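Reader: I am new to this structure. Please show me how to read its features one at a time.

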Amino acid sequence: MNLKDCYLKLGGDFDEVLGRLQRKQTVQKFAYKFLDDKSFNLFEVSMEKKDYAEALRAIHTLKGICQNLSFTKLLESSTVATAALKENDWNKAIDMIQQLSEDYYQTINAIKEYKKSQEE
Amino acid sequence: MDKQKILIVDDSEINRALLADILDENYNVVEAENGAEAITILSKQREDFSLLLLDIMMPEMDGFEVLAYIHKYRWDDTFAVIMISADDSPTNIKRAYDLGAFDYINRPFDSTIVQRRISNTMLLYARQQRLEKIIVEQFYEQEKNNNLMISILSHIVEFRNGESGLHILRVKSITKYLLEKLVQHTDRYPLSKADISLISTASALHDIGKISISDQVLNKPGRLTEFEFEIIKTHSMVGANMLLGLPKEQQETPIVKVASEICRWHHERYDGNGYPDGLRGDEIPIAAQVVALADVYDALTSERCYKKAYSHEEAMEMILEGQCGAFNPTLLLCLQEITEILKNELMDTSPKQGDKSIQDIRNSIDYDRLLSHRKHPTLHWNQHLPQLLYMDSLTGIYNRRYFDEQFQSTNDIQAIVVLDVDNFKHINDNYGHGTGDVVLQILAKTILSCIRKTDAVIRYGGDEFVLIFNDIPANAFEKKLERIRSFINDLTIDGIPELQLSVSIGGAYGPKTTKKLFKVADNMMYQSKNKKNRVTVCFLDENEDSIDNI
């Protein structure tokens, strides 16, 4: 599995990210770093606690990271959730959790799979 | 060359790392994870940074708050702020610009664009700062030259009538203070800061007409005859005519216009009883009214060939009673309100230029009063020369030459103090000579702040200072030395909190020659040195060598 396949699997745009960051190693380094990022987790916990301000900050951060790494699919759902929380539309934000979670794990799993293939 | 330093402020570790990755080849990158942390870093070492990359949405303190803080304290004078955010709504971008952001970079980051934007911003900022520095330098150079020309002029005009040369400089200062008060009181005379500066500069020319008056009349010690007084009175018109004789393009410059008014009408009085034209009230231009009052006040409080100096209080009484003619009532009010300045600050007329911190020290020394001790008190033409000759270039206080030439052979000093820094070699060896220099500068400043204007502090050599006192009661002398010791002992040096400063002080007090007092004070200092951080004083009287040691 190469990095481009990984991006295909997570619903991202590899050519776009490579165009901006220029080096495959950089893209890979930050994709790996994403595995340790706590933004999604913070979003979930904050939503559960109904701490919507914190949830907004977390999902906004996630959105920024997805933009930078061209994780298009996760970017789309995090953009919708960010907008919902900004407009104080809690219900819509709550409805988005499921979709976000699916997209997030799709992204994470694709990267993990790629990482594993590189280590073998 | 060291790499320029950039501070990245973003709550997302990945985003910071991504920017750092793009930038760390060319720059020295520092990271902060929220606004509060950024402010903490900047408050300690903001001058190290050339650029700030700032996210908007962050916990603790968001990007807008950071921007507002930076802008309020004008930190962005030395570095540029570029906003970085995923939220590119026009409202946010506009708000960031309004708060002083220099530029805005949208996510996602493109490494080439980020690098270019940042290097261009840095270049622009550096260029702007360089230009600002050049302008400031040119401005000060110009100011320096203007002030120099005015002091030369003062000396030329006043050299002839044997006055101090300071009259013109003092009239200039009083004029400025009066005008600043006047515009606070009334809007009848719409004067800008530039107008005030122009009038006070032009005031230096008020007496130029006096060069046409013969020495016999100008410097006559006794009372003038009516005829002689009439001759003196011509100086105002003569001065104005001299300026009228300038080429037309010079005549039309604001400074010459104002100077002509001042020359011609600075002896007019508010009730019409002045000369040469008998103008009254606001027929007299305000510039001339103000200079007239400043001139009268300074003439009264200075010694002249025909009179003694009056005290501030006596002079004020005479002016307010109308003994020197009538003045604009609002101006009289202004004169009363600047009493403190007149009494304190105006004694000092050293030129304002050069290094600010040293200048502060220089300004607090009243050279002219101290130099009245001089053996040759009539050297009007080089009055500023002693300032350079007798000044220690590191600390701005007097140097050893001053002591040797002005005091060594005199017998009228009441008390001498020798003060030596404890463990100065240790300071130089352990913290470097730069720190040693800073210590000496701080000590000089501290000692100056503890003594009166009539006392003198001299850097005698290395880390040794000499203090000279007159007209001081014995107990006050002792207390003062103890105060100096304790003040110095409480000092801390920036960045070296563990460095404890102390001095050993020896004092000699009594009716002995300077040489004797110095010798005794030096011995006392060595006694203090045994235990360090001590004051030892010896009181001497006519007959005995010493009556008391503490």
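Author: Start with contact: two residues are in contact if their C-beta atoms, placed from the backbone, lie within 7 Å. Helices (H or I, at least four residues) and strands (E, at least two) are DSSP runs, numbered from the N terminus. This is a predicted model, in which local features need pLDDT of at least 70, side-chain atom pairs count only at pLDDT 80 or more, and totals for chains, interfaces and linings use all residues. Residues are numbered from 1 along each chain as its sequence is written, and chains are lettered from A and ligands numbered from 1 in the order in which they are written.

Reader: Which residues are buried in helix α14 of chain B?

Author: A residue is buried if 20 or more other C-beta atoms lie within 10 Å of its own, exposed if 12 or fewer, and partly exposed in between. In α14 (residues 329-337) of chain B, the buried residues are B:Leu331, B:Cys334 and B:Leu335. They lie on the same side of α14(B), because they cover an arc of only 100° around the axis; the arc is that of the directions from the helix axis to the C-beta atoms. Their cover includes α6 (167-185) and α12 (286-301) of chain B.

Reader: Which residues of α2 of chain B are buried, and which exposed residues does the face turned away carry?

Author: In α2 (residues 35-45) of chain B, B:Gly35, B:Ala38, B:Ile39 and B:Leu42 are buried. Their arc is only 95° around the axis, so they sit on the same side of α2(B). The face of α2(B) turned away from that side carries the exposed residues B:Thr40, B:Lys44 and B:Gln45. The buried residues of α2(B) pack against β1 (5-9), β2 (28-32), β3 (49-54) and α3 (63-72) of chain B.

Reader: What is the strand order in the open sheet of chain B?

Author: Two strands pair if DSSP finds at least two bridges between them. The open sheet has five strands in the order β2-β1-β3-β4-β5 (chain B), with parallel pairing. Its edge strands, β2 and β5 (103-106) of chain B, each pair on one side only. Between β3(B) and β4 (residues 80-85) of chain B there are four bridges, in the parallel sense; B:Leu53 has B:Ile82 in β4(B) as its bridge partner.

Reader: Where is B:Gln4 found, and what is it in contact with beyond its neighbours within four places in sequence?

Author: B:Gln4 is in the segment before β1 of chain B. Leaving those neighbours aside, B:Gln4 is in contact with B:Tyr27, B:Asn28, B:Ser50 and B:Met122. B:Gln4 is partly exposed, because 18 other C-beta atoms lie within 10 Å.
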